[in-house]
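Let us walk through this model step by step. Keep the sequence and the 3D view side by side.

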Amino acid sequence: MFLNFGILVNAVLLVLGTLWCREMFGRWHKDIEQYRTAKDASTRQALIIVWGITALIVVFLLNSLGGILINLGVL
């Protein structure tokens, strides 16, 4: 096994996705409260979009983690 560009990109995306999720899950209480108290629809839509992106990133992270564990022979 040697390092190539695809592996490097996947590693960078894995780190960035982990940082994104760490930040987002650290603020989810505040976002729920902001969603409940928002008067305008644009604030609610923005929160839904950001959390939708977060859900996609979580799926990517879980898929990547599963692939790593399979390649290591753990699963």
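Which residues form a nonpolar patch on the surface? The model is a predicted one, and in it the patch is made of F5, L8, V9, V12, L13, V15, L16 and L19. Together these residues have about 740 Å² of accessible area.

Take L13 as an example from this patch. L13 lies in helix α1, which covers residues 5-26. Its relative accessible area is 41%. Exposed would require over 50% and buried under 20%, so L13 is partly exposed.

Now follow α1 to its packing partner. Helix α3, residues 41-72, packs against α1. The axes of the two helices are 9 Å apart. The angle between α1 and α3 is about 135 degrees.

Next, turn to charge. Side chains of opposite charge can pair when their charged atoms come close. Here a salt bridge needs a side-chain nitrogen of Lys or Arg within 4 Å of a carboxyl oxygen of Asp or Glu. By this rule the count comes to one. R27 and D31 form the bridge through their side chains, at 2.9 Å from N to O.

How do the two partners sit relative to the surface? R27 is partly exposed, because its relative accessibility is 29%. D31 has a relative accessible area of 3%, so D31 is buried. The salt bridge thus joins R27 and D31, one partly exposed and the other buried.

Notes. Residues numbered from 1 in each chain as written. Predicted model: local features only at pLDDT ≥ 70, side-chain atom pairs only at ≥ 80, totals over all residues. Heavy atoms only, no water. Patch = residues over 30% accessible without salt bridge, like charges linked within 9 Å, V, L, I, M, F, W, Y side chains within 5 Å. Areas by Shrake-Rupley, 256 points an atom, 1.4 Å probe, with all protein chains shown as cover. Helix = DSSP H or I, 4+ residues; strand = E, 2+ residues; numbered from the N terminus. Buried < 20%, exposed > 50% of the residue type's maximum accessible area, 1.4 Å probe, protein only. Axes fitted to C-alpha atoms, helices over the stretch in contact; angles between N-to-C directions.
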